[in-house]
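Me: I am new to this structure and would ask for a close look at a single part of it. Please then relate that part to its surroundings in one connected account.
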Amino acid sequence: MIDFHTHPVLIQELARKYPDYERSTREVFYIGNNLQPLEIFFLQMDVAGIERAVLLPVDCRRARKLAVSSNEQVAELCRRSTRFIGFASVDPMRRGAERELREAVNGLGLRGLKLDPALQDFAPGDRKAYGVYEAAAELGIPVLMHTGLSWAPHTPLQRCHPLLVEEPVRRFPKLNFVLAHFGWPWVWDAVAMALKYPNVFLDTSCLYYDSPAEFFQFVFSRQIPTTLIERSLRNQIVFGSNYPRVEIKNMVHALKSLNLTSGCLEKIFRTNAERLLQARVPEKKTRSRKQAS
Amino acid sequence: MIIRLERVKLQTRKSEELIDITASVVEVVKKSGVRNGLVNVLNSHTSAGLLVTEGIPCLEEDILTHFARLFPEGEDYHHRRYLDYDGRLGFNADAHLKSVIGGVSCCFPIENGLLVKGSRQTIYFVEYDGPLERTYLVQVLGE
């Protein structure tokens, strides 16, 4: 199983090596938990049954003065273990971002792009960001875009609406976008994006009140019908936990508590993520059929 | 009067488990040089515990099983909400309550440089919400 949404922000080994690492964790990402040895990350994965985890940095140096993990730090963790799949983050508003992304992918071996319009303070539809989308499409990597409520301070909700990503999604049909946190609270908007555009995926890392199991029961059976996932979106959802804001095991348990078939769960926990990480372009047949309608 | 405080780190490896820390506490007592006095052991977390019981696997299992019966994960807890001071949600009320009911500290006398305890007594660090790196305190006081 693959966890498509984790943040390496509480790792003692990185805190010892990089002076600003913990300050960024506390002030920019904003989490109060104790730093932990790297081995705890693997143990958290083990008890949850997760084999591999996507590590997400956020390059918000322009907007917040500090990055939330850097591409180099993520690459360093990936060199330590093949269980990690590293994503890069670049600031689409900064000159040279495309080159930086190419270097992160070709030089550091990172396999996706993480963007957070709220934390990085940019509009996803801003033409200045198109160079980065274009580079990502050429590199054949997915873009994991923060959507939905962010717990990080100074992150306006209006930057996080899933429909803000529609223009880039339309302009770059060969680029796969993963809308994080299922776009919550704009779940229907995120769902509509995934229904309409085959290059849109959703990750399950949404938890904003109650327990993971209670929240999932509400969102995925009352806010939207479970059948919508089972029948229509089973190929476009990936499991994400948002660790360490929540322990991975709790999110795995919550997803398994839904009334989904084992085939659908296999796609969400593994196959869709593998396809995203391997695919150079979205499945051609599906795209042309859907875009024609 | 000698007062010595040791912070001992340990790494739990499961969601819930009991870890025998008796030898580590005895070692701190030995190193302290205290001949007669007291040793206090305190778990410094609120979702883990510290307790004393007979050191056998069946009891270890019973403790976790019956604490889980008392505080089921699926119960209705007020703690399940966003904790703004922590930047994350609290949904481990069951672990906190197990910690409350099972306790977080113990105390033993020291006589002639040795920790005095019943032959069957084992000191356990109890993880209710792991795996995590944890810390417990051992303070030795005496002469």
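Reply: In helix 13 (residues 248-256) of chain A, the buried residues are A:Ile248, A:Lys249, A:Asn250, A:Met251, A:Val252, A:Ala254 and A:Leu255. A residue counts as buried if 20 or more other C-beta atoms lie within 10 Å of its own, as exposed if 12 or fewer do, and as partly exposed in between, with C-beta atoms placed from the backbone. This is a predicted model, in which local features need pLDDT of at least 70 and side-chain atom pairs count only at pLDDT 80 or more, while totals for chains, interfaces and linings use all residues. Residues are numbered from 1 along each chain as its sequence is written, and chains are lettered from A and ligands numbered from 1 in the order in which they are written.

Because seven of its nine residues are buried, helix 13 of chain A is largely enclosed by the rest of the structure. Its buried residues pack against strand 1 (2-6), helix 3 (38-48), helix 11 (212-223) and helix 14 (262-278) of chain A. Helices (H or I, at least four residues) and strands (E, at least two) are DSSP runs, numbered from the N terminus. Two residues are in contact if their C-beta atoms, placed from the backbone, lie within 7 Å.

Helix 8 (residues 130-139) of chain A may be set beside it. Here A:Val132, A:Tyr133, A:Ala135, A:Ala136 and A:Leu139 are buried. Viewed down the axis of helix 8 of chain A, these residues fall within an arc of 160°, so they line one face of the helix; the arc is that of the directions from the helix axis to the C-beta atoms. They pack against helix 6 (97-107), strand 4 (113-115), strand 5 (143-145) and helix 9 (166-171) of chain A. Just after helix 8 of chain A comes A:Gly140, with a positive phi of about 75°.

Both helices belong to a chain with 15 helices and eight strands. Of the 293 residues in chain A, 53% are buried. A compact globule with 293 residues would have a radius of gyration near 19 Å, and the 17 Å of chain A agrees with this; the radius is taken over C-alpha atoms, and the globule rule is 2.2 Å times the number of residues to the power 0.38. Along the principal axes, the C-alpha atoms of chain A fill a box of roughly 50 × 40 × 35 Å. Among contacts in chain A with a separation of 6 or more, 77% join residues 24 or more positions apart.

Chain A also touches chain B, in a contact that takes 22 residues from chain A and 16 residues from chain B. On the side of chain B that touches chain A, strand 5 (81-83) and strand 6 (88-90) of chain B each supply at least two residues. The residues of that side of chain B divide into six nonpolar, three polar and seven charged. In this division, Ala, Val, Leu, Ile, Met, Phe, Trp, Tyr, Cys and Pro count as nonpolar, Asp, Glu, Lys and Arg as charged, and the others, Gly among them, as polar.
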